[in-house]
Amino acid sequence: MLVLITYDVNTETETGKRRLRRVAKQCVNYGQRVQNSVFECVMDAAKCREVKNKLEKIIDKDKDSLRFYYLGNKYKSKVEHIGAKESFDVEGTLII
């Protein structure tokens, strides 16, 4: 299924900047960055629970926020892209 992960981390302090870097590094491990704080991740339910638990441990729930949008398996008809930074098919063939 496609899960859209978005976050907003308060970076007014050094610890906030550190949290932001840690959240971004975790998200890169699970999907592709499509905007600064937005990641598209194709994963099953177990992997989704895993990343959610990791991110919840990083953020400060009083200052930061996470959003998970569950677009399901038929997501290709639900996503429309206009403009720069065309994404790639994460389920397609990888040529190295």
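Lys54 and Glu50 stand 4 residues apart in helix α2, so about one helical turn separates them. Their side chains meet in a salt bridge, 3.8 Å from N to O; the term stands for a side-chain nitrogen of Lys or Arg within 4 Å of a carboxyl oxygen of Asp or Glu. Lys54 is partly exposed at 36% relative accessibility, and Glu50 is partly exposed at 31%. Here buried means under 20% relative accessible area, exposed means over 50%, and partly exposed lies in between (1.4 Å probe, protein chains only).

The model is predicted: local features need pLDDT of at least 70, side-chain atom pairs count only at pLDDT 80 or more, and totals for chains, interfaces and linings use all residues. Residues are numbered from 1 along each chain as its sequence is written, and side-chain values use heavy atoms, with hydrogens and water left out.

**Confidence and overall build**

The predictor's confidence in each residue, pLDDT, runs from 0 to 100. Its mean over the protein is 88, and 85% of the residues reach 70 or more. Confidence is lowest in β2, at a mean of 92, and highest in helix α1 (residues 14-28), at 97. Where pLDDT is low, the predicted coordinates should not be read in detail.

The protein has 2 helices and 4 strands, arranged along the sequence as β-α-β-β-α-β. Helices (H or I, at least four residues) and strands (E, at least two) are DSSP runs, numbered from the N terminus. Of the 96 residues, 29% count as buried. Among contacts between residues at least 6 apart in sequence, 64% join residues at least 24 apart; a contact means heavy atoms within 4.5 Å.

**Helix α1**

Helix α1 has 15 residues and reaches 21 Å from its first C-alpha to its last, close to the 21 Å expected at 1.5 Å a residue. The expected span of a helix is 1.5 Å times one less than its number of residues. The buried residues of α1 are Gly16, Arg19, Val23, Ala24, Gln26 and Cys27. They cover an arc of only 160° around the axis, which puts them on the same side of α1; the arc is that of the directions from the helix axis to the C-beta atoms. What covers these buried residues includes β1, β2, β3 (38-42) and α2. The face turned away from the buried side carries the exposed residues Glu14 and Lys25.

Glu14 also forms a salt bridge with Lys17, the closest N and O atoms being 3.6 Å apart. Both residues lie in α1, 3 residues apart, about one turn of the helix. Lys17 is partly exposed, with a relative accessible area of 34%.

**Helix α2**

Helix α2 (residues 45-58) has 14 residues and spans 20 Å from first C-alpha to last, close to the 20 Å expected at 1.5 Å a residue. Cys48, Val51, Leu55 and Ile58 are the buried residues of α2. Seen down the helix axis, they fall within an arc of 85°, so they line one face of α2. They pack against β1, α1 and β4 (65-72). Arg49 and Lys57 are exposed residues on the face turned away from the buried side.

**Salt bridges**

The structure holds 5 salt bridges, including those in the table.

| Salt bridge | N to O distance |
|---|---|
| Lys17 and Glu14 | 3.6 Å |
| Lys54 and Glu50 | 3.8 Å |
| Glu56 and Lys61 | 3.2 Å |

Glu56 is partly exposed, with a relative accessible area of 31%, whereas Lys61 is exposed at 56%.

Asp8 lies in strand β1 (residues 2-8) and is exposed, with a relative accessible area of 51%. Leaving aside neighbours within four places in sequence, Asp8 is in contact with Asp64 and Ser65. An unreviewed UniProt entry carries the annotation "binding site" covering Asp8. UniProt positions are given in the numbering used here, feature names are shortened, and annotations may be inferred rather than shown by experiment.

Gln32 is placed in strand β2 (residues 32-35) and counts as buried, at 9% relative accessibility. The C-alpha atoms of Gln32 and Val42 are separated by 9.2 Å, the two residues being 10 residues apart along the chain.
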